[in-house]
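Let me put the model up, and then I'll walk you through it sheet by sheet.

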Amino acid sequence: MKNRKLLTWILVLAMLLPVLSACAKHTPTPTKAPAATKAPAPTKAPAGPQLGTKDNPIKMVFVPSGNTQAILTGAKELDNLLQKQTGLYFKSSVATSYAAAIEAMCAGKADVGWLSTFAYVLAHDKCGVEVKLVTVRYGKPYYRGQIIVRADSGIKTLDDLKGKKFAFVDPASTSGYLYPSAMFKEHGIDPDKDFKQVVFAGSHNAVVLAVYKGQVDAGATYEDARGTIAKDFPDVKEKVKVIAYTPKIPNDTVSVRKDLPEGLKKKIANGLLALSKTEAGKKVLKDIYEIGGLAPGNDAMYDPVRKTAKLMGINLEEAIQPKKEKPKATPTKKAAAGKKVTIEVYYPVAVDAPIAKILKGYIADFEKEYPNITVKPVFSGGYGDVKTTIQTTIEGGGKPPALAVMLATDLYDLVNADYIVPLDDYIKNMKDGDAYINDFFPAFMANSKYDGKIWSIPFQRSVVVMYYNADLFQKEGIKPPDSWESWAQAAQKLTIPGKRWGIEYPSGWPYWLFQPLAIGNGQNIVESPTKVVFDNPKVIEAVQFYIDLSHKYKAMPEGVQKVWGSAPADFAKGAAAMIVHSSGSLNGILKQANFKVGVMPIPGKEKGTYATVPGGGNFYIMKKAPKEERDAAWKFIEFVTQPKYAADFSINTGYVATRKSAYETDAMKKHIQEVPQAGQIKDMLKYAGMELSCMNLGKVRNIFHKYLQAAYNGQMTPAEAMKKAQQEADKALAPFK
């Protein structure tokens with residue numbers, strides 16, 4: 001295990017080698033440094049904008065320890081607050097990994113680092129990064145790591161973990177790897193030998209989610225990371241329990257580059273300390289990393305971490321030594337047929353989940369057919385994590401992946417940011433390009449086209465579905481509803497107070513599941529990239545119907561229902577007669593339910609009308625990837641969207657096959673005979689309206705969520721809420737009209 005740990009750290013720190021070498025060049029005294037080269041010394045070069053000005057902001061980097069989109073949003077707000085507090089300008093980004101944050105600090109690409117405990121130790125010991133502040137949580141400058149398991153797993157002790165699948169966070173995470181590993185070692189447990197499989201999920205919330213969903217048996221996080229997903233999965237503390245804690249760990253840091261001017265270091269630290277005592281500062285720090293306060297810190301606080309690294313057998317001096325380049329293997333004649341190229345594909349999966357295994361199988365098939373192309377999948381926590389990682393990579397001057405799966409609705413944001421390329425030339429060069437595109441379901445292509453061009457290819461797609469207990473319906477003499485009124489009456493009849501709801505209708509992330517209600521009343525909430533119609537009377541009427549299901553018919557819980565994660569299980573165990581959810585949940589529901597599961601589109605207001613809306617992700621090719629990588633990425637898209645793979649992906653995941661021809665394959669025909677619901681869900685596409693997608697989508701969507709939930713919670717009437725939502729959305733869209 002010692003050799004493996006050393007190898008792990010060599011890999012983690014490998015990208016730092018050029019940086020560390022550069023740092024080493026600065027070890028001579030400042031007076032000797034200018035004489036080392038004929039090139040002009042930095043002090044003699046033309047002076048650029050002063051650091052901390054609008055043209056040269058202080059760059060802050062954050063480690064991706066949680067939801068990267070949430071961290072980035074909070075960090076941007078912190079930039080603004082710090083500018084008002086100090087008069088200095090700041091620009092924040094979230095690193096793609098802990099190692100990337102260390103690299104940025106050592107290379108001078110970041111001036112301030114919000115570094116995790118061990119990441120700070122590595123950065124300090126390698127290039128002199130200085131800790132200025134330590135975070136405070138619950139009144140303490142230290143915390144603990146924890147080992148979590150599912151409550152129903154039967155795992156009660158560390159010894160019970162043997163033979164199980166385990167998730168760490170990141171090799172540079174203190175509470176998510178280093179301290180738990182040391183604790184295992186003290187207990188005589190070797191993860192390499194004793195665990196069935198070890199995965200690195202990338203963030204603490206991803207580990208919690210993986211344990212919650214049963215993708216892994218156990219995981220290591222900070223105490224208590226379960227709160228990171230509690231908003232979407234309110235029962236997480238019931239389903240995920242803690243079986244062990246690590247010793248105390250000094251909290252994460254706010255650190256600075258060693259060569260920043262002393263006056264600037266002090267001003268930054270004092271500004272953050274002052275800001276941490278204001279209400280606005282407290283809120284943003286909590287939003288970023290659940291920080292309760294800041295306090296002065298010093299390097300000696302982190303000596304226990306160094307001792308733990310020593311216990312783990314990590315020789316940092318040895319780990320950073322340059323590795324000798326291995327002789328390159330001579331390519332085979334088949335592989336040499338084309339120029340060798342490697343592409344990365346970013347995909348929204350938190351850990352080595354079933355979907356990840358499926359994709360790896362497709363990649364293996366692709367590489368057999370294209371031996372000159374190597375595909376490296378990078379699995380991130382979710383759609384938002386993939387988008388944010390790409391955004392921070394590009395903004396930081398890094399090289400993005402060639403290919404990524406992101407939400408279909410991200411189209412306008414990605415085009416406006418100039419991150420992606422149109423695909424029309426690739427399609428035109430296909431032997432049957434028009435036939436290829438026309439074979440995709442129109443509902444899935446709706447969010448692929450803009451300004452006369454095609455920007456993405458549908459891949460992982462779903463639709464909103466109403467699942468119902470068909471056996472219960474038959475027993476009670478109820479027909480599948482065909483209108484709002486018959487739907488509400490069925491839900492009312494099937495409700496048993498305290499035992500079963502007639503319907504569960506998640507609204508913690510409300511726009512997607514709400515849209516079919518508006519479409520079913522004859523009015524979608526979006527009409528063009530720059531026009532939404534939240535205040536349309538038919539949209540307001542749809543909001544009122546949702547509220548009536550609980551207040552008038554008493555058929556579902558009142559207010560916002562944050563039950564996305566638990567609704568399928570509630571339905572399968574009989575706690576809800578109907579649920580509105582994603583078609584992607586079909587396979588899981590069928591495995592759990594011991595009754596006949598019915599599926600149908602969302603009933604519309606008028607008798608005989610129905611509606612749904614598509615969702616999910618598309619393939620996008622990144623503009624800043626080298627041309628040979630973009631070309632290889634297109635070949636992979638062509639390959640993996642072939643009818644046989646589209647059918648296979650649908651069969652094994654529950655997502656809807658994106659191409660019509662996939663339903664003509666023998667495999668899909670057999671599957672539909674065995675699982676008729678899969679064919680019924682495909683037929684719902686004829687009722688689909690376009691998913692909400694517009695300019696400035698993130699802001700517009702958040703506005704709609706805010707006021708829709710205010711109406712659901714009774715804080716505003718539907719008319720008041722939608723009027724306010726429309727006013728704010730119009731302002732957000734005004735610059736794009």
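When I say strands pair, I mean DSSP finds at least two bridges between them. Helices and strands here are DSSP runs numbered from the N terminus, helices being H or I with at least four residues and strands being E with at least two.

Before I go on, a word on what you're looking at: this is a predicted model, where local features need pLDDT of at least 70 and side-chain atom pairs count only at pLDDT 80 or more, while totals for chains, interfaces and linings use all residues. Numbering starts from 1 along each chain as its sequence is written, and side-chain values use heavy atoms, with hydrogens and water left out.

Contact, by the way, means heavy atoms within 4.5 Å.

Now the six-stranded sheet. This one is open too, with mixed pairing and the order E2-E1-E3-E12-E4-E13. At its edges are E2 (90-94) and E13 (293-296), each pairing on one side only. E1, residues 58-62, pairs with E2 in the parallel sense over five bridges, and Ile58 sits opposite Phe90 of E2. Lying across E1, E2, E3, E4, E12 and E13 is helix H10 (262-275), which runs at about 5° to E4.

So what does Asp252 touch with its side chain? Asp252 is in the loop between E11 and E12, and its side chain makes polar contacts with those of Thr135, at 2.9 Å, and Arg137, at 2.7 Å. A polar contact is a pair of N or O atoms within 3.5 Å; within protein, one must be able to donate a hydrogen and the other to accept it, and residues adjacent in sequence count only if both atoms are side-chain atoms. Asp252 counts as buried because its relative accessibility is 12%, the scheme being buried under 20% relative accessible area, exposed over 50%, partly exposed in between, with a 1.4 Å probe and protein chains only.

Last stop, the disulfide. The search of the whole structure turns up one: Cys106 and Cys127, with sulfur atoms 2.0 Å apart, where the cut-off is a pair of cysteine sulfur atoms within 2.5 Å. It links distant parts of the chain, from Cys106 in helix H4 to Cys127 in helix H5, 21 residues apart. The link is left-handed, at -75° about the S-S bond. Cys106 is buried at 10% relative accessible area, and Cys127 is buried at 16%.

That's my tour, thanks!

Key: Axes are lines fitted to C-alpha atoms, for helices over the stretch in contact, and angles run from 0 to 180 degrees between N-to-C directions.
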